[in-house]
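Okay, quick one from me today. Let me put the model up, and then we'll walk through it.

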Amino acid sequence: MNTTHSPKNRRDFLKWAGAVGAFVTLSGCTTSSSNNEPRPTARMKESTGSSGNDVKILQDALALEHKGIAAYAAGIASNLLDATISPVALKFKGHHEQHRDKLTKTIQSLGAKPVEAMEKYDFGVLASQDDILKLAVSIEELAAFSYAQGAGDLSDHGLVVAAISIVGCECWHTAVLKSALKEDPAPSAFLQ
Ligand SMILES: [Fe+2]
C-alpha cells in the first residue's frame, strides 16, 4: 500500500492543489436531473474511473459545495449568529468556496460545463442560531461521508489523497459546529 507521504503522492497532491486539473469525487451522492440537488445513493463499486464518470462525480461534488455555500450565506445573512459563530461561518463558507473553485476548474479542464448553483435552496425554517448550526452540521456530515466514499472511485492515488484532505476539512467543520451546539464533536471512531 502506498504511503500518502511518498514523493510521488506529494507531487500529485500539489498538482491538484494548484490550478491544474485534477479530480475530487463525491460518488456517495448523485444529482437529481430536475434541480441539481444532491442526494445520497449506494456507492458504485463497479465504477470504471473513466473520464465521463469522473465528470459526473465532480458535478455532484460541486452541487453539494454550492448548497453548503448557500447554507452558510443564509446563516450569515440571517443575523441570528452571535459574535463568536458568525466569523466561523464566514471562514467555513470560504473553505467551501475554495472547494467550489477547484472543482469548477477541474470540470472545465475536462471539457464539461460546471453545474451552477440553484437560484434558491429550501433550508426550512431558520429561526435561531441552533437551527443554522444544525443545518450546517447536516451538510458537513453529508460532505465528509460522501467525499470519503467517493475517494475510493478515483483512479489516481494522488487525487485520492486530495479528496481525503477535503474529508478532513469537513470533519473539522463538523466538530466545531457540534461543539457550538454542545454536542459531542467526535462521537465515534468512524464516519457514520
Ligand atoms: Fe465544510
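Predicted model: local features only at pLDDT ≥ 70, side-chain atom pairs only at ≥ 80, totals over all residues.

So, residues 1-49: pLDDT stays under 50 along that stretch, pLDDT being the predictor's confidence in each residue, from 0 to 100. For those residues the model has 105 contacts beyond four places in sequence, where a contact means two C-beta atoms, placed from the backbone, within 7 Å.

Numbering starts from 1 along each chain as its sequence is written.

Over the chain, mean pLDDT is 76, with 69% of residues at 70 or more. By element, the lowest mean belongs to strand S1, residues 29-31, at 35, and the highest to helix H3, residues 85-109, at 93.

What's the layout? We've got 5 helices and 2 strands, running α-β-β-α-α-α-α from the N terminus. Those are DSSP runs numbered from the N terminus: helices are H or I, at least four residues, and strands are E, at least two.

Of the contacts with a separation of 6 or more, 76% join residues 24 or more positions apart.

On burial, 38% of the 192 residues count as buried. That's 20 or more other C-beta atoms within 10 Å of a residue's own, with exposed at 12 or fewer, partly exposed in between, and C-beta atoms placed from the backbone.

Last stop, Phe190, in the segment after helix H5 (157-180). Buried or exposed? Exposed, because Phe190 has 5 C-beta neighbours inside 10 Å. Its C-alpha is 9.9 Å from that of Phe145, 45 residues away along the chain.
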